[in-house]
Amino acid sequence: MFQTDWMESRQPQRPKILTVLHQEHSSPGRVGHLLIESGFALDIRRPPLGDPLPQSLEDHAGAVIFGGPMSANDPDDFVRTETDWLAVPLAEDKPFLGICLGAQMLANHLGGRVGPHPDGIVEIGWYPLEATEAGSALMDWPSMVYHFHREGFELPKSATLLATGESYPNQAFRYGNNAWGVQFHAELTRAMMQRWVVRGSERFTLCGAQHGRDHLEGRMIHDAVLKAWLHGFLAAIFGMPARV
């Protein structure tokens, strides 16, 4: 027993990524899978369920805040706490990725307004994406991405727009060296998408939303490119080794 414990203690400790989720059964999906496969460990926190956020990222290699059904403008304590907490990775210049709600929180923190489309249009399904000149200089981007949101964000001052869309022009941005936000979802596994399609079906009647069958059919066409992009994007943020 002693020998086993000693051998385990001699194993190098995986660098941790703070992983912030917003529901009891939420999953980091493919982002989590790819980070683990690349040598990271996930430190999962769920602030709506009472989990605290660290006062420093000294013990972490970076952080990811995922999406959720709530709004970045909601008055809940955890929404304000998470938004204010973003001062930590920004001050420490630690890699940070905000996905959908996480990107909107980052935009809010940096002074950008978050709100619905003026014409009530939503993005729920697969929609075209176009990289900006700055985005194209970083990497190749997918031409179609998956969305599930009713609000968008203004581009914060001093942020660099990386990708744009027709209804919601601000789709991806970078702030400083290490803070990134994306409006769309590349993290969904097949099981996650099927669950979202079932549980979110009441939203398919909203202006601009696509029917559930289009979500699943679009996955067969567009998902392989989106997954390959996600691996490269995470590598750019967290320094993961490139896939051969």
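**Figure 1. Lining of the second largest pocket.** The second largest pocket is lined by Arg-113, Gly-115, Pro-116, His-117, Pro-118, Gly-152, Phe-153, Glu-154, Ser-167, Tyr-168, Pro-169 and Asn-170. Strand S5 (114-116) and strand S9 (151-153) are the elements that give two or more residues to this lining; helices (H or I, at least four residues) and strands (E, at least two) are DSSP runs, numbered from the N terminus. The structure is a predicted model, in which local features need pLDDT of at least 70 and side-chain atom pairs count only at pLDDT 80 or more, while totals for chains, interfaces and linings use all residues. Residues are numbered from 1 along each chain as its sequence is written, and side-chain values use heavy atoms, with hydrogens and water left out. A pocket is defined on a 1 Å grid over the protein atoms alone as an open set of points with protein on both sides within 12 Å along at least five of seven lines, whereas a cavity is a set of points where a 1.4 Å probe fits but cannot get out, and lining residues have an atom within 4 Å of a point. The second largest pocket holds about 170 Å³ of space, where grid points are joined across faces, edges and corners and a volume is the space filled by probe spheres set on the points. By class, its lining has five nonpolar, five polar and two charged residues; Ala, Val, Leu, Ile, Met, Phe, Trp, Tyr, Cys and Pro count as nonpolar, Asp, Glu, Lys and Arg as charged, and the others, Gly among them, as polar.

**Figure 2. The largest pocket and the residues nearest its centre.** About 710 Å³ of space lies in the largest pocket, and of the 28 residues that line this pocket, Gln-23, Gly-67, Gly-68, Pro-69 and Trp-196 lie nearest its centre. Helix H5 (101-109), strand S8 (144-149) and helix H7 (190-199) each supply at least two lining residues, with the largest share, four residues, coming from H7. The lining of the largest pocket divides by class into nine nonpolar, eleven polar and eight charged residues.

**Figure 3. Strand S12 and its two neighbours.** Strand S12 (residues 179-182) is covered on both faces, since Ala-179 and Gly-181 on one side and Trp-180 and Val-182 on the other are all buried; buried means under 20% relative accessible area, exposed over 50%, and partly exposed in between (1.4 Å probe, protein chains only). Strand S4 (residues 96-99) runs parallel to S12 and is joined to it by four bridges, with Gly-98 and Gly-181 as bridge partners; two strands are said to pair if DSSP finds at least two bridges between them. Strand S11 (residues 172-175) is likewise joined to S12 by four bridges, but these two strands run antiparallel, and Ala-172 stands opposite Val-182. Three residues lie between the strands in the hairpin of S11 and S12, where Gly-176 takes a positive phi near 65°.

**Figure 4. Strand S3 between its partners.** Five of the six residues of S3 are buried, so this strand is largely enclosed by the rest of the structure. Strand S1 (residues 16-20) pairs with S3 in the parallel sense over five bridges, and Lys-16 of this pair stands opposite His-60 in S3. S3 and S4 also pair in the parallel sense, over three bridges, with Leu-97 in S4 as the bridge partner of Val-64.

Figure 5. The structure holds one cavity of 30 Å³ or more, and the largest cavity has a volume of about 40 Å³. Its lining consists of Leu-97, Ile-99, Val-182, Phe-184, Ala-186, Glu-187, Trp-229, Leu-230 and Phe-233, of which eight are nonpolar, none polar and one charged. A straight helix of 27 residues would span 39 Å at 1.5 Å a residue, yet H8 spans only 33 Å between its end C-alpha atoms; the expected span is 1.5 Å times one less than the number of residues. H8 bends by about 60° at His-222, where the bend at a residue is the angle between axes fitted to the seven residues ending there and the seven starting there.
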